[in-house]
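Please read these notes with the model open.

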Amino acid sequence: MGEGIIEATITRWLVSPGDKVALDQPLLEVATDKVDSEIPSPVEGTLSRLVYNEGEIPKVGEVIAIIETGNGVSLLNGEMEDIFTGLISEEVPDETFLKQAAQGIEIPMPEGTITPHTELFVSPLVRMLARQRGISLRELGEIRGTGMDGRVTRDDVNQYLIHRKPRESTERFLLPLEHPDDQQKTAIPEIMPEPGDETVEMDRMRKIIAGNMIRSKRVSPHVTSFLEADITALAEWRNRHKEIFLEKEKVKLTFTPIFVEAVAMALKEFPKINVSLAGENIIIRKNINIGIATALPNGNLIVPVIKNADRENLGGLARKITDLAERARKNSLVLNEIRGGTFTITNIGQYNNLTGTPIINQPESAILAIGTMIKKPWAVETPEGYGIAVRDITMLSLTYDHRVIDGALGGGFLSRIAWYLEHFDTRREA
């Protein structure tokens, strides 16, 4: 399911018990982290039993179905096909046994069976939760995991916090606003609808977005810098070449690929912006993977990612941006196309917004917002001195994580983006 994914919702089974299945035949659809994916069969055989039904949420690695093959029984799970080798005999276990085994619950083992290894593995989600709550890796090692192979899960961490004894820690600087030992939650006043109000439950994607936004604000101290850029020459070049570009590349020439190109060049010069924070370690990303925030028809938001954006020319960027945006609106992106971003761009100017202060897309450390392009009086330098002219101006705003990016670094990076836009090579071919 991809790095960091720990659970998924089964939205639809495509086969039923008793059906013959072929190798790599789609068996079910799952929803995870904004993307719906099809899960193929790892073997050929007959679907014997469903352990999880539609609407249920198994964790990665848990058994969700049983497929009978000519050589015995195969457990369909999200990580290792043979994780319970030795637990399965000629008699197929019942669903309760399978669910308990998949979740790491202690079960009396038949003699001669193989027990899964219990080496400590900390998923990115658990590692992040521990960092937020001031739990060191040493403490994580003391938590008894109930996940697959004895792994520590989110629920295990929460249970540990409930019974945790107060202790001094040297890792407090990474904590959110609330103290990890403070179990008192701020009371949220109950909001009652008035006559005529409509109550609509958040859909799955909106719940994910809401959780991500809250987590980002709690984890990262946000700082935003602003800068206006004169993109008159760039805009004139685009107007002259957009028809030629459309004929050549078969996609429209918008401003987005030009901004992506400028950001990618600036990131190569400012690698300390292209980073993620892991505990007390700063990870400087080798690849420049730029996410493009995309509004969906249902009002939600998704961020498809252009991998290695610095290696693409303007035509390649335009084609990839158009393709990802179109498939995002059709809900046909795959999980890998929304993961792995190292920097995000959001265009808030399409609705005539001058500027904004976007929230960082974790685990990235910065995000750029592009405001609307407006014509305004601007001081320009002429051979006779400075004068006033009407120019095409856009406002750029960079929000960054102040734990790893200070004002000088963030301001310098933003200024470099503006420099690339203002000194766009108008002699280049489309």
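**Notes on the model**

1. E1 and strand E3 (residues 26–32) pair in the antiparallel sense over 4 bridges. Strands pair if DSSP finds at least two bridges between them. Strands (E, at least two residues) and helices (H or I, at least four) are DSSP runs, numbered from the N terminus. Thr9 has Ala31 of E3 as its bridge partner.

2. This is a predicted model: local features need pLDDT of at least 70, side-chain atom pairs count only at pLDDT 80 or more, and totals for chains, interfaces and linings use all residues. Residues are numbered from 1 along each chain as its sequence is written, and side-chain values use heavy atoms, with hydrogens and water left out.

3. The open sheet has 3 strands, in the order E1-E3-E4, with antiparallel pairing. Strand E1 (9–13) and strand E4 (35–40) stand at the edges with a single partner strand each, so one side of each has no neighbour in the sheet. Neighbouring strands here are turned by 30° against each other on average, direction ignored. The axes are lines fitted to C-alpha atoms.

4. A hairpin joins strand E9 (residues 275–278) and strand E10 (residues 281–284). The two pair in the antiparallel sense over 4 bridges. Leu277 has Ile282 of E10 as its bridge partner. There are 2 residues between the strands, and Gly279 takes a positive phi near 65°.

5. Now the second largest pocket. It holds about 730 Å³ of space. A pocket is an open set of points on a 1 Å grid over the protein atoms alone, where a 1.4 Å probe fits, with protein on both sides within 12 Å along at least five of seven lines; lining residues have an atom within 4 Å of a point. The lining has 29 residues, and Thr254, Phe255, Thr256, Asn347 and Gln350 lie nearest the centre. H8 gives the most to this lining, with 6 residues. The lining divides into 14 nonpolar, 11 polar and 4 charged residues, with Gly counted as polar.

6. How many aromatic pairs are there? The count comes to 4. Rings of Phe, Tyr and Trp (its six-membered ring) pair if their centres lie within 6.5 Å; planes under 30 degrees apart count as stacked, over 60 as edge-to-face and the rest as tilted. Phe343 and Phe413 are edge-to-face, because their ring centres are 5.7 Å apart and their planes stand at 70°. Phe343 lies in strand E15 and Phe413 in helix H9 (residues 407–422), 70 residues apart. Ring pairs link Phe270, Phe343 and Phe413 into a cluster.

Key
Axes are lines fitted to C-alpha atoms, for helices over the stretch in contact, and angles run from 0 to 180 degrees between N-to-C directions. Grid points are joined across faces, edges and corners, and a volume is the space filled by probe spheres set on the points.
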